[in-house]
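Subject: Handover of a structure and notes on its contents

Dear colleague,

Please find below the structure that I am handing over to you. My notes on what was found in it follow directly after.

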Amino acid sequence: MAVQWSHCGRWITAAKSSTLLETICGLNRRSNTFAVNSLLGTGTVAGWGNPGLFSRHVHTTSLGSSLFTRYRTKLLYQTPKLCSCKRTHSDAKLIDPFSMAQNDLNHLYDDIKKELFVSKSELKSLCDYYFDGQGKAFRPMIVVLMARACNIHSNRDRDLLPGQRAIAMISEMIHTASLVHDDVIDGSDKRRGKTTINEVWGERKAILAGDFILSAASMALARIGNNTVVSVLSQVIEDLVRGEFMQLGSKENENERFKHYLEKTFKKTASLIANSCKAVSILVNSDPEVHEIAYQYGRNVGIAFQLVDDVLDFTACANQLGKPSATDLKLGLATGPVLFACQQFPELHAMIMRRFSSSGDVDRAWQYVLESDGVDQTNYLARRYCQEAIRQIGLLRPSPERDALVRLTEMVLTRNK
């Protein structure tokens with residue numbers, strides 16, 4: 001079935017190898033089952049549960065068994081019908097999310113360094129290494145905008161509460177600690193255009209530095225003094241570990257393999273954004289429906305962000321990414337472009353199962369992906385996630401911050417590094 005998209009350039013007709021894509025998006029004949037299950041809050045897509053596209057899993061039990069009430073709640077706003085790539089709200093086009101959040105992020109890295117203050121100079125150098133102000137601060141920026149959007153939605157001043165500001169800082173600390181640990185696991189020698197901590201100081205000290213950053217983030221989290229927020233953000237740590245273990249495995253069945261990939265993507269990337277957005281909403285609003293909207297926006301944007309990142313591993317050069325291209329293939333990882341390409345080039349199946357470990361596997365897999373529509377289909381899937389993120393954030397009261405979060409979905413889809 002061809003999926004029509006207006007004003008989307010190359011996406012006027014969906015990619016020709018549509019079976020897997022339709023299964024993922026719930027667009028085939030089983031999509032009616034998905035629609036029923038999603039309204040019941042079971043969070044299933046096309047017959048199998050995942051944290052993926054349009055999943056409506058309810059994270060707060062007080063919502064009950066039906067989500068129909070969400071659309072009758074007076075405080076929630078119906079989202080406009082938007083295409084996620086071109087037809088954004090006219091005001092949203094004029095808004096730069098990074099500029100809007102800048103005032104709240106000006107002292108972000110200074111505040112983090114205060115949290116990491118230690119007398120031992122070498123440990124301090126390790127911990128400060130990536131907090132040099134050169135990062136994009138993508139996650140704290142989303143958290144700041146979501147906090148302010150929720151504040152306005154709740155008839156409060158848009159200024160951040162101290163706890164919300166702390167969550168923005170904590171999100172960057174958790175993210176950076178995970179990068180330090182990932183670089184050790186992957187044996188990476190470059191991160192953000194500079195030599196990795198494990199290359200400069202060695203793996204043992206890098207692991208300890210990552211642990212120390214996580215401990216400092218945990219102490220900052222405890223000082224917020226909200227048990228629900230502590231529980232929500234603690235889930236992120238568990239998801240990061242589980243996601244890393246999932247990355248070590250693979251699945252034989254095609255649909256199971258993509259489910260595994262999306263679940264891993266959620267746990268390693270999107271969980272931090274989703275739960276951080278949920279946490280700032282909890283501090284200002286007691287309505288679980290608002291918490292769910294914040295969570296769902298963060299989850300969908302987070303998964304789209306990683307899908308685009310996986311595409312860039314094939315389309316961007318090393319100096320754009322700040323790390324070598326084809327990194328995922330060299331690590332034995334089959335990401336979205338490879339999994340889609342496998343439909344057209346079944347030869348990839350054996351390579352995926354042996355994690356591209358044989359001589360020539362990486363080069364051949366790279367060529368198969370480029371000759372297939374794997375990149376196009378992965379980009380298309382990212383657009384679908386962003387469209388759902390727009391739909392979710394549209395349920396909040398209109399505000400410049402809400403428009404900035406809509407605009408952010410465009411930036412996620414069009415980034416080149």
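**Backbone, cavities and ring pairs**

Asn 155 lies in the loop that runs between α7 (138–153) and α8 (162–186). Please bear in mind throughout that this is a predicted model. Although Asn 155 is not a glycine, its phi is positive, at about 60°. Its relative accessible area is 62%, so Asn 155 counts as exposed, the cut-off being over 50%.

A second residue with this backbone feature is Phe 356, which is not a glycine either and has a positive phi of about 55°. Phe 356 belongs to the loop between α17 and α18. Is Phe 356 buried or exposed? With a relative accessibility of 6%, Phe 356 is classed as buried, because that value is under 20%.

**Cavities**

There are three cavities of 30 Å³ or more in the model. The largest cavity has a volume of about 200 Å³. Its lining is made up of 17 residues, and those closest to the centre are Gly 249, Ser 250, His 260, Leu 333 and Ala 334. Sorted by class, the lining of the largest cavity comprises seven nonpolar, six polar and four charged residues.

Which helices supply at least two residues each to this lining? They are α11 (227–247) and α12 (254–282). The most is given by α12, which contributes four residues to the lining of the largest cavity.

**The helices α11 and α12**

These two helices also meet one another. The axes of α11 and α12 come within 8 Å and cross at roughly 170°. Because angles over 145 degrees count as roughly antiparallel, α11 is roughly antiparallel to α12. The contact of α11 with α12 involves ten nonpolar, eight polar and eight charged residues.

Val 241 is located in helix α11. At 45% relative accessibility, Val 241 is partly exposed. Along the chain, Val 241 and Lys 268 are 27 residues apart, and 7.9 Å separates their C-alpha atoms.

**Aromatic pairs**

A pair of aromatic rings is described by the distance of the centres and the angle of the planes. The count for this model comes to eight aromatic pairs. In one of them, Tyr 129 and Tyr 130 are 5.3 Å apart from centre to centre, with 50° between the planes, and the pair is tilted. Tyr 129 is buried at a relative accessible area of 18%, and Tyr 130 is likewise classed as buried, at 2%. Ring pairs join Tyr 129, Tyr 130 and Trp 201 into a cluster.

Another of the pairs is formed by Phe 314 and Trp 366. Their ring centres lie 5.4 Å apart and their planes stand at 35°, so this pair is tilted. Which parts of the chain does the pair link? Phe 314 is in helix α13 (residues 288–315) and Trp 366 is in helix α18 (residues 361–371), so that distant parts of the chain, 52 residues apart, are linked. Phe 314 has a relative accessibility of 5% and is buried, whereas Trp 366, at 22%, counts as partly exposed.

**Further separations along the chain**

Two more residues complete these notes. His 107 is placed in the loop between α4 (97–105) and α5 (108–115). With a relative accessible area of 51%, His 107 is exposed. His 107 and Gly 133 are 26 residues apart along the chain, and their C-alpha atoms are separated by 9.5 Å.

Glu 347 is part of helix α17 (residues 347–353). The relative accessibility of Glu 347 is 43%, and the residue therefore counts as partly exposed. Between the C-alpha atoms of Glu 347 and Ala 365, which are 18 residues apart along the chain, the separation is 8.9 Å.

Yours sincerely

Notes:
Residues are numbered from 1 along each chain as its sequence is written. This is a predicted model: local features need pLDDT of at least 70, side-chain atom pairs count only at pLDDT 80 or more; totals for chains, interfaces and linings use all residues. Side-chain values use heavy atoms; hydrogens and water are left out. On a 1 Å grid over the protein atoms alone, a cavity is a set of points where a 1.4 Å probe fits but cannot get out, and a pocket is an open set with protein on both sides within 12 Å along at least five of seven lines; lining residues have an atom within 4 Å of a point. Grid points are joined across faces, edges and corners, and a volume is the space filled by probe spheres set on the points. Ala, Val, Leu, Ile, Met, Phe, Trp, Tyr, Cys and Pro count as nonpolar, Asp, Glu, Lys and Arg as charged, and the others, Gly among them, as polar. Axes are lines fitted to C-alpha atoms, for helices over the stretch in contact, and angles run from 0 to 180 degrees between N-to-C directions. Angles under 35 degrees count as roughly parallel, over 145 as roughly antiparallel, 65 to 115 as roughly perpendicular and the rest as oblique. Rings of Phe, Tyr and Trp (its six-membered ring) pair if their centres lie within 6.5 Å; planes under 30 degrees apart count as stacked, over 60 as edge-to-face and the rest as tilted. Buried means under 20% relative accessible area, exposed over 50%, partly exposed in between (1.4 Å probe, protein chains only).
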